[in-house]
Amino acid sequence: MNLVWLRNDLRLDDNPALFHARQSGPACCVYTVTPNQWSAHDDAPAKLALWRARLIELAKELKSKNIPLKLISHKHYQGIDKKLLSLAIDIGAEGLWFNHEYPLNEKQRDQQVSTLFEANSIAVHRFHGDIIHEPGSVRTQTGNIYHVYSPFARQWRKQINLVDIEPLSAPRKQTNTTIASDDIEKIWTLNDSYRDDLWPVSTKEINKRLDKFTANSLSQYKALRDIPSIAGTSTLSPYLACGAVSVRHCIAAARRCTAEWLDNSWVNELTWREFYRHLTSCYPHLSRSENFKATAKPIPWENDDRHWQAWCTGTTGFPIVDAAMRQLIQTGWMHNRLRMVVAAFLSKLLLIDWRKGEQFFMLHLLDGDYASNNGGWQWAASTGADAAPYFRIFNPLRQSEKFDSEGKFIKKLLPELSELDKKSIHNPSSKQREDCGYPQPVIDYKFARQKALDGYAKAMGKN
């Protein structure tokens with residue numbers, strides 16, 4: 001018997017650990033529920049609700065293959081090794097199979113588990129099921145880890161022929177075992193919910209979303225991806241985060257639809273995702289919420305609580321920022337262009353520590369993913385690898401006028417402004433704000449921009 005430890009890979013198709021375990025013999029799957037650890041990692045309640053729903057769906061798919069699913073509940077990662085070993089001994093497992101995770105806590109947990117299993121003569125088999133190239137395998141000519149995305153992406157593409165990017169099939173059906181599956185709904189209880197009308201968890205619906213996007217929108221992705229009022233993105237990120245769909249599955253779908261798939265903007269976004277995973281794996285200090293860059297002096301964060309509360313509640317008086325924040329609060333998801341806008345607004349114009357924003361996103365995002373979230377926030381705050389230059393400060397008004405020119409997105413999320421014309425909706429007058437019950441701006445953009453430039457320049461040793 002082979003024990004397959006499921007984590008952020010809640011799928012049958014293209015699951016290396018599950019596939020190879022079944023090739024080796026009969027398999028039993030296990031999932032570990034660690035609520036206190038998830039809380040410490042700021043995992044959003046809605047995200048956990050989606051993951052639970054997806055696991056329940058996966059249990060049905062496993063049942064169709066006669067593969068049992070067990071659940072282990074433990075507050076923290078610490079001590080999970082002993083519970084996994086106990087289960088392995090109970091079912092007579094000869095091997096443990098799992099796919100890598102890359103943040104520091106998860107790597108330490110996996111090493112602790114592996115050490116205990118190997119000490120008890122149970123083989124451990126690990127795979128890279130969440131990326132194309134193993135972390136550390138995409139290097140410069142001098143053998144260093146890339147800190148800049150563009151050359152990383154070029155080398156990533158050059159090495160694509162060195163690996164098999166064809167998705168693996170689902171595991172073969174096995175004969176019935178005497179191991180009974182556990183009742184997920186009884187063991188993993190939650191009072192939280194998520195927008196299941198927006199995020200179905202069946203494999204059929206997820207694959208349908210992927211196929212529809214690649215067939216109908218992939219060719220226009222570059223032109224439409226920055227417009228939040230239309231369905232120009234794939235909206236697959238929650239499924240990539242929980243592993244309901246794999247990155248190889250996504251790339252295979254893109255490859256079917258265009259001969260130029262390696263140069264496609266959507267595949268480029270998937271490569272950014274991998275870039276951040278490589279950095280997270282290779283630089284443990286990123287998992288400790290430290291700046292990637294060691295700046296000359298600390299950035300002079302002001303951390304004004306009034307500004308922080310306005311940002312969190314979508315009441316900054318900057319319509320595009322407030323609409324984006326309300327989208328996050330109401331749906332658990334935010335359009336990618338707007339993630340950059342609100343992150344830059346918080347860290348540079350409000351001068352609030354990017355780590356506060358990073359945590360807020362994790363507490364609310366359905367697709368909360370440590371590597372991508374950390375990478376995105378450090379990019380916006382100019383503290384990360386290949387980050388935006390410190391002097392690049394988004395003007396929220398210009399971003400609004402450029403990417404929501406008709407104000408359609410703003411009107412949908414800020415109904416109090418729905419009667420304003422397409423020009424004034426981006427920056428209502430004081431009178432219009434009073435009439436609509438919409439707040440005055442919490443900052444003066446020009447003043448805040450100059451303050452940020454001066455503070456960052458000093459911190460970066462530029463003056």
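Q: Which helix gives the most to the lining of the largest cavity?
A: Helix 17, with five residues. This is a predicted model.

Q: What makes a space here a cavity, and how many of 30 Å³ or more does the structure hold?
A: A 1.4 Å probe fits in a cavity but cannot get out. The structure holds three of 30 Å³ or more.

Q: Which residues line the largest cavity?
A: The lining is made by Y276, L279, T280, L286, F292, A371, N374, G375, Q378, W379, G384 and A385. Helix 12 (265-282) and helix 17 (370-380) are the elements that give two or more residues each.

Q: How do the residues of this lining divide by class?
A: Seven are nonpolar and five are polar.

Q: What makes a space a pocket, and what is the volume of the largest pocket?
A: A pocket is an open set of points with protein on both sides, whereas a probe cannot get out of a cavity. The largest pocket has a volume of about 1,200 Å³. It has 40 lining residues. Closest to its centre are E269, W272, Y276, N336 and R339.

Q: Which elements give two or more residues to the lining of the largest pocket?
A: They are helix 10 (237-242), helix 12, helix 15 (336-349) and helix 17. Helix 12 has the largest share, eight residues. By class, the lining has 19 nonpolar, ten polar and eleven charged residues.

Q: Why is T271 called buried?
A: The relative accessible area of T271 is 1%. Buried means under 20%, so T271 is buried. T271 is found in helix 12. Beyond its neighbours within four places in sequence, T271 is in contact with Y149, F152, A153 and W156.

Q: How do you know that C257 is in no disulfide?
A: A disulfide needs two cysteine sulfur atoms within 2.5 Å. For C257, the nearest cysteine sulfur is that of C250, 12 Å away. That distance is beyond the cut-off, so C257 is in no disulfide. The structure as a whole holds zero disulfides.

Q: Why does C257 count as partly exposed?
A: C257 has a relative accessibility of 39%. Partly exposed covers the range between buried, under 20%, and exposed, over 50%. C257 therefore falls in that range. C436 is partly exposed too, at 22%.

Q: What makes a set of residues a nonpolar core, and how many residues has the largest one?
A: The members are buried residues of the listed nonpolar kinds, joined through side-chain atoms within 4.5 Å. The largest core has 129 residues. Y31, W188, W266 and W311 have the most contacts inside it. Helix 3 (residues 45-64) gives the most to this core, with ten residues. Apart from it lies another core, of 20 residues, including L3, C28, V30 and I80.

Q: Which residues does W266 touch, not counting residues up to four places away in sequence?
A: W266 touches L210, F213, T214, L218, Y221, S234, L236, C250 and A254.

Q: What makes the phi of D14 stand out?
A: Most residues other than glycine have a negative phi. D14 is not a glycine, yet its phi is positive, about 50°. D14 lies in the loop between strand 1 (2-6) and helix 1 (16-24). With a relative accessible area of 1%, D14 is buried.

Q: What is the phi of D42, and where does D42 lie?
A: The phi of D42 is near 65°, a positive value in a residue other than glycine. D42 lies in the loop between helix 2 (35-40) and helix 3.

Q: Why is D42 called buried?
A: The relative accessible area of D42 is 18%. The cut-off for buried is under 20%, so D42 counts as buried.

Q: Why is L190 called partly exposed?
A: L190 has a relative accessible area of 27%. Buried needs under 20% and exposed needs over 50%, so L190 is partly exposed.

Q: Where does L190 lie, and which residues does L190 touch?
A: L190 lies in the loop between helix 7 (184-187) and helix 8 (203-216). Not counting residues up to four places away in sequence, L190 touches L48, A49 and R52. W51 is 139 residues from L190 along the chain, and their C-alpha atoms are separated by 11 Å.

How values were computed
Residues numbered from 1 in each chain as written. Predicted model: local features only at pLDDT ≥ 70, side-chain atom pairs only at ≥ 80, totals over all residues. Heavy atoms only, no water. Helix = DSSP H or I, 4+ residues; strand = E, 2+ residues; numbered from the N terminus. Buried < 20%, exposed > 50% of the residue type's maximum accessible area, 1.4 Å probe, protein only. Contact = heavy atoms within 4.5 Å. 1 Å grid on protein atoms, 1.4 Å probe; cavity = no way out; pocket = protein on both sides within 12 Å on 5 of 7 lines; lining within 4 Å. Points joined across faces, edges and corners; volume = space filled by probe spheres on them. Nonpolar A, V, L, I, M, F, W, Y, C, P; charged D, E, K, R; others polar.
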